[in-house]
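Please have the model open as you read.

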Amino acid sequence: MENNFYPFVNLPLPYELNAMEPFIDEKTMYLHHDKHLQTYIDNLNKVLTENPGLQALSLEQLIANIPRLPKAVQKPVRNNAGGVYNHRFYFEGLANPSETEPSGKLQQAICAGFGNMEKFYGALKSAGLSVFGSGYAWLVAVRGRLQIVQTANQNCPLEQSMFPILAVDVWEHAYYLKHFNVRAAYLDDWRQVVNWKKAEERYNEYLKGKGFRF
Ligand code: MN3
């Protein structure tokens, strides 16, 4: 990831704001990236400006080391470093048109772990639907296996030494303008724009042992 150290900037999306139409609308993408993510970037920079001893840590290192940080900064780092990492991860994980399914080793691992792609998607959708309040559903790799997990708020799987492969943001700001209160419809539309190439790259990094080089 570029711009992995303080000061953080809001990197432009690798596609146009309307690129995920008709599945995720342009206005949502604009507010989500240019406003919501920007706020996490600004707040993270503020925390780090006030705590210069943490400025040498990468974004991933900040999150992975939360339990070892001074108590007073744990929550602001969890919320804001998590908010930056999770949003960048989510946006990078979108593509339109997308490959409709993964291929290669990731597909094999998903089928081995969940039965088939439909069962996998069903489990991921259930995880996304059952996040109470705001959070994310993730496909992660942990101890050599794939798992579906949920995180609340801007908590990040890196804090628990899980390696993220794919994420869906289920905060209402990710879908409310288009899908209103119907999170299930958003999850079905999100499925149409999953960047499986990116997910495969992540999984291959994990398999090569590059996952936790930080
Ligand atoms: Mn969000």
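Here is a short report on the manganese site, helix H3 and the salt bridges.

This is a predicted model, in which local features need pLDDT of at least 70, side-chain atom pairs count only at pLDDT 80 or more, and totals for chains, interfaces and linings use all residues. Residues are numbered from 1 along each chain as its sequence is written, and side-chain values use heavy atoms, with hydrogens and water left out.

**The manganese site**

Four residues coordinate the manganese ion at 2.0 to 2.2 Å: His 32, His 87 and His 173, each through NE2, and Asp 169 through OD. Donors here are N, O and S atoms within 2.8 Å of the metal (3.2 Å for Na, K and Ca); water is not among the atoms, so sites may look incomplete. Along the chain, the donors follow the spacing H-x54-H-x81-D-x3-H. His 87 lies in helix H3 and His 173 in the loop between E3 and helix H6 (176-179), so this pair ties together parts that are 86 residues apart in sequence. Helices (H or I, at least four residues) and strands (E, at least two) are DSSP runs, numbered from the N terminus.

Are these two histidines buried or exposed? His 87 is buried, at 0% relative accessibility, and His 173 also counts as buried, at 19%. Buried means under 20% relative accessible area, exposed over 50%, and partly exposed in between (1.4 Å probe, protein chains only).

**Helix H3**

With its 22 residues, H3 reaches 31 Å from first C-alpha to last, close to the 32 Å expected at 1.5 Å a residue; the expected span is 1.5 Å times one less than the number of residues. H3 also has a kink of about 35°, centred on Val 77. The bend at a residue is the angle between axes fitted to the seven residues ending there and the seven starting there.

**Salt bridges**

The structure holds seven salt bridges, each a side-chain nitrogen of Lys or Arg within 4 Å of a carboxyl oxygen of Asp or Glu. Among them are these:

| Pair | N to O distance |
|---|---|
| Arg 78 and Glu 159 | 2.9 Å |
| Lys 197 and Glu 99 | 2.9 Å |
| Lys 125 and Asp 188 | 3.0 Å |

Arg 78 sits in H3 and Glu 159 in the loop between strands E2 and E3, so their bridge ties together parts 81 residues apart in sequence. Arg 78 is partly exposed, at 22% relative accessibility. Glu 99, at 40%, counts as partly exposed, as does Asp 188, at 32%.
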